Amino acid sequence: FDRVRCKVWTSSVSASRGGIVKAEKTVLLAAAVLCCAASQGTWSQTTVDCERLASLKLPDTTGLTAVVVAASQFTPPTPPGAAGAARAAAPFAHLPAFCRVTGVVKPAVRFEVWLPMKDWNGKFQGTGNGGYNGSIVYTALATGLQDHFATANTDMGHLATAPDPGRWALHHPELVVDQGYRAQHETALKAKAIVQAFYGKHPSHSYFVGCSSGGWEALTGAHR
């Protein structure tokens, strides 16, 4: 529900010549109670609601997948080194159940959208990256999800390269455009369409959270 106004109507039994006017006070009060309960209810989606998202037709988008991840069961890609893996596990230990949607916007913008299975706050939160980007920032997604946002992140349109972190851009001006602004913009458009399909409503508010490269990503998006 978006915003539901609840009002309790009262009625009185009155008599008129030739008949009786029935007062449906009980029915009216029951309707008011249901209305108020609905306005205070929480979002709760099903596995089928999630899996249906894989069949969405989004412009210039391929490889959509949608699966339910049970509470506390998400395992991100393992970073180099056992110590790094131990540190990486911490933000995900207490995640609620969520619908994990992945996809690619042509030519190579990978994105993920995480949708709370219940208790969605009605809002969307895009998230930023760091350095030269090149990977999904799972910790940013986890933070948004824990605050009950529908949240999204992107690798900015390329895979990280090493030891030269900018090698991906050589002879690929289209990837530079994606890194510059397009990847975040397209991710936001796709994510909001996915939110609408999953919950049946658009986000009431949309935000962007980021630092380091996420800062210029936010400013670039705002300026454009």
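Tutor: Buried means under 20% relative accessible area, exposed over 50%, and partly exposed in between (1.4 Å probe, protein chains only). This is a predicted model: local features need pLDDT of at least 70, side-chain atom pairs count only at pLDDT 80 or more, and totals for chains, interfaces and linings use all residues. Residues are numbered from 1 along each chain as its sequence is written, and side-chain values use heavy atoms, with hydrogens and water left out.

Student: Why do we speak of two sides of a strand?

Tutor: In a regular strand the side chains alternate between the two faces of the sheet. Here, five of the five residues of β7 (residues 150-154) are buried, so the strand is largely enclosed by the rest of the structure.

Student: Which strand pairs with β7 in the antiparallel sense?

Tutor: Two strands pair if DSSP finds at least two bridges between them. Strands themselves are DSSP runs (E, at least two residues), as are helices (H or I, at least four), numbered from the N terminus. Strand β5 (residues 109-116) pairs with β7 in the antiparallel sense, over four bridges. Valine 113 stands opposite alanine 152 in β7.

Student: And which strand pairs with β7 in the parallel sense?

Tutor: That is β6, over three bridges. Glutamine 125 stands opposite threonine 151 in β7.

Student: How many helices and strands are in the chain?

Tutor: Six helices and eight strands. Of the 224 residues, 35% count as buried.

Student: Now the pockets. How is empty space found?

Tutor: Rolling a probe the size of a water molecule over the atoms shows where empty space is left.

Student: Which elements supply the lining?

Tutor: β6 (123-127), α5 (173-199), β8 (205-209) and α6 (213-223) each supply at least two residues. The largest share, eight residues, comes from α5.
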